[in-house]
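Reader: I am new to this. Please show me how to read a structure, one feature at a time.

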Amino acid sequence: MLLPGESIEKLSDKIELIVSKEHTFGTDTILLADFSMPKKHEFAVELGTGCGAIPLYWCSMVQVKSVIAIDIQLAACSQLIRSIKLNHIENIIKVINADIRNPIKDIPLHSCDLVVCNPPYKVTGGGLVNDNDHRRIARHEHECTIDDVSKAAARLLNFGGRLCICQRMERLCDVMDSMRKSGIEPKKIRFVQQRTSSAPKLFLIEGKKGAKPGMVALPTLLIENNDRTLSDEMKRIYKYYGEKK
C-alpha cells in the first residue's frame, strides 16, 4: 500500500490519508476543507487535489454524496487512489488524472454543486521557483492560473453552484476579478490571521455562478490565541487531527 517515502496521517478515527514529501497538505488545506464543507446532497469537485486531503477531510466530518478529485500529476492521483482504497470509500470519491484547462469528458457540463481549489499561490515569475516539479506545480502558476481555475469551475458548476478558494492576501484582487470574468460572483469572504496582533495572510472566498453582486465578510478566523495556544475554532476544525499538534 505504501511506497518508499510515504506515510499515513490520521484525519479522524475513521479516515486515514497517505502523504509523501511531494504530495502532502498544510493548515491552509484544512481551512479550505472546513470552509467549503459540502451539503450531503451536493456533487463536489476538487481541482488540483494533490494527496486528496480535502475530500478525505470531508468524509471524516460529514456524510458526503459524491466527489471527483482531479489532478494533472499522475503520482498524486495514484497516491490518492490508494488512500481511497485504504478507507474503503471507492463509492464516494473518484480520481481523474487530467488538465483542468481542458474540458473533463467524464464530468457533464454544468453538473456540479461545488467546486473547490487551493490553487498555486505565486504567479509565474513570482518568488524563487523550486527545482522539484511537484512543488513547482503546487506553488507556482506554471500549470494552473487563477483564470484557469475560474474557467474550469464555470464549465462544471450548475447555476447557483459554489466555487471556494483559499489564497494569499496579495492575490485577492486577482481572484475576485477572475471569478467575475467567468460569471462567478464573489459572495462570502473570510480573512485568516495567525493571531489578533497579526495582519491577515490568507483569505477564504466563496463565489456563486450566476449570482447577483453583493458580498459579505465573515468573522476573521484566528489560528491562535494571543498566548499562542490554538484557538477554539481551530480546535473545532482540526478535531482529531489537531489533537496531535
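Author: Start with contacts: heavy atoms within 4.5 Å. Leaving aside neighbours within four places in sequence, Asp34 is in contact with Tyr57, Arg236 and Ile237. Two notes before we go on. This is a predicted model, where local features need pLDDT of at least 70, side-chain atom pairs count only at pLDDT 80 or more, and totals for chains, interfaces and linings use all residues. Residues are numbered from 1 along each chain as its sequence is written, and side-chain values use heavy atoms, with hydrogens and water left out.

Reader: In which helix is Asp34 found?

Author: Helices (H or I, at least four residues) and strands (E, at least two) are DSSP runs, numbered from the N terminus. Asp34 is found in H1, residues 27–35. The chain has seven helices and eleven strands.

Reader: Is Asp34 buried or exposed?

Author: Buried means under 20% relative accessible area, exposed over 50%, and partly exposed in between (1.4 Å probe, protein chains only). Asp34 has 16%, so it counts as buried. Of the chain's 245 residues, 50% are buried.

Reader: What share of the contacts in the chain with a separation of 6 or more comes from residues 24 or more positions apart?

Author: The share is 70%.
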